[in-house]
Structures are given as structure tokens and as C-alpha cells.
Amino acid sequence: MSESKLAGQFFDAAIGLLHRVRDEEAGNIAAAGTALADAVASGGRLFAFGAGHSSLAAQDVVYRAGGLALMNLLAVPGTVGVDVMPATLGSALERVDGLAAAVLDSSPAKPGDVLVIISLSGRNALPVEMAMNARALGLKVIGVTSVAYTRETKSRHVSGTYLKDHCDIVLDSKIAPGDAELTAEGIEAPFAPASTVITSALMQAVVAAAAGELADRGIEPPLLRSGNVDGGHEWNGRVMTEYRDRIFYRH
């Protein structure tokens, strides 16, 4: 079977974006890692939120081998992935006013905690209000979004603002509006989205930065190990017992 030219082009595009976020977002990644480390060291908790496909990167750092045990998924029913029927309902819920406030008010999040909000466009009511309400409650908010969308799309929130406008730290994924890296003759729609690759990489880079920051302070990072290696379950049991009051996905 011959190699696919388009497959290779997608890898090249994704690698190029990874280089850009590594080089251009280094300072923001370090700041986000420090924010996570500060929360861990001071008794705070960590939360991640994303709707639709943005939820994939949030879920990727929750209960994850090599990840921080304290990272919890802040789930909004109906928006976590494409598990609702019809799938378009999830997109519709992102535009519902007031949903973010209801979720935050019933969550265990409290002042001093950190919330990472992932939204590629950052234009819908749900991520915008999630950031606004989280900051009003005293949480530190880290936004992972594409700033390019704010220049080429209109906000869907009544304020006319975007996720990036309500964050303490913004990580720019550099994804172009439309989230499709390739075009080709004979294919009318652009294709090959890279946002999941890039956003997940940003999240893991932040976790790595946080782990290093904690180690520099003489604090053992509360990392999980794979349950598929010898001793992994025992290690995880110890970490979860030590931090049980800050881990909510076990309850």
C-alpha cells in the first residue's frame, strides 16, 4: 500500500503547530503550571472543563497515568463529548445562558481552586459564563482557546466577549478558525482537524510544568501511575488516600 500524501501533510501541519505553541506559549504554559502547583501546595483543588470535542482534552488529564491525581472533571450534563442523542444537542447546550452558573453552584469548587476551561472558539455562552462565574467565586481561571477565532468570528454571549477575556492565564492553541488543516482537489470541505492534538499537548505540558514546579519546592507531585505496571495500584491507592478530600471522581 502506497503512503498517503495527505496523511503526511496532516502530520507536518500538526508538528508545525506543536512547535508554535511550544515556542510562543512557553511563558503562559509556565504560568499555568505555577498556578496548578500553587493550588496543590496550598490545599486547593484542580478542575478541568470542556464541551463537545474540547472535553476530550479535559478528560485526558483526569484520572490519568502520569497525571495529577487532583485534577477533576467539571462535567456539564449533555456537553461531555458526543454521547447525547442527537449529537447536535450538545452544541445547542453550549449556547444556553445560565447553565454554567448552575453547574458551578452545585460543584465542590471553592475560592483558591483552579479551573481550566477549554474551548476552541471561546465564543459560546457556556465557556464564557463558566469563566465569568468561576472568577466571581474566587477561582483562578486558565483558558485554553484559539485567539484567532476572536478576530474572525462574533461572540455568542450577550456581553460580546470571549473566553479569553475572562481568564487569569490564556493558552493560545493557534488553531485557525474552522479547525481543518488540509484542503485538496476533489474534496470540497476542508478537513483534518488538529485542535485535539494541540490542546491535549498544551494540557500535558502544563501538568509537566506543575510537576516540575512542585518538585522544585520540595513537594512530591501527587502523580498517578499506570495500573498496568507492577505496583501501580498500590501507588495510586496511597496517593488517593492522602488527597482523598481533594479528589471527587472517586465519589
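Residues are numbered from 1 along each chain as its sequence is written. Because the model is predicted, local features need pLDDT of at least 70 and side-chain atom pairs count only at pLDDT 80 or more, whereas totals for chains, interfaces and linings use all residues, and side-chain values use heavy atoms, with hydrogens and water left out.

Helices (DSSP runs of H or I, at least four residues) and strands (runs of E, at least two) are numbered from the N terminus. Helix α1 has 20 residues and reaches 28 Å from its first C-alpha to its last, close to the 28 Å expected, where the expected span is 1.5 Å times one less than the number of residues. At its start, a side-chain oxygen of S4 comes to within 3.4 Å of the backbone nitrogen of L6.

Buried means under 20% relative accessible area, exposed over 50%, and partly exposed in between (1.4 Å probe, protein chains only).

| Side of α1 | Residues |
|---|---|
| Buried | F10, A13, A14, L17, V21 |
| Exposed, turned away from the buried side | K5, F11, D12, D23 |

Seen down the axis of α1, the buried residues fall within an arc of 95° (taken from the directions from the helix axis to the C-beta atoms), so they line one face of the helix. Among the elements that cover these buried residues are α2 (26-41), β5 (169-172), β6 (182-184) and α8 (195-216). On the exposed side, K5 has a relative accessible area of 65%.

Strand β6 pairs with β7 (residues 187-191) in the antiparallel sense over 2 bridges, pairing being counted where DSSP finds at least two bridges between strands. L182 has F191 in β7 as its bridge partner, and G186 takes a positive phi near 90° in this hairpin, which has 2 residues between the strands.

Methods
Contact = heavy atoms within 4.5 Å. Polar contact = N/O pair within 3.5 Å; in protein donor to acceptor, adjacent residues only side chain to side chain.
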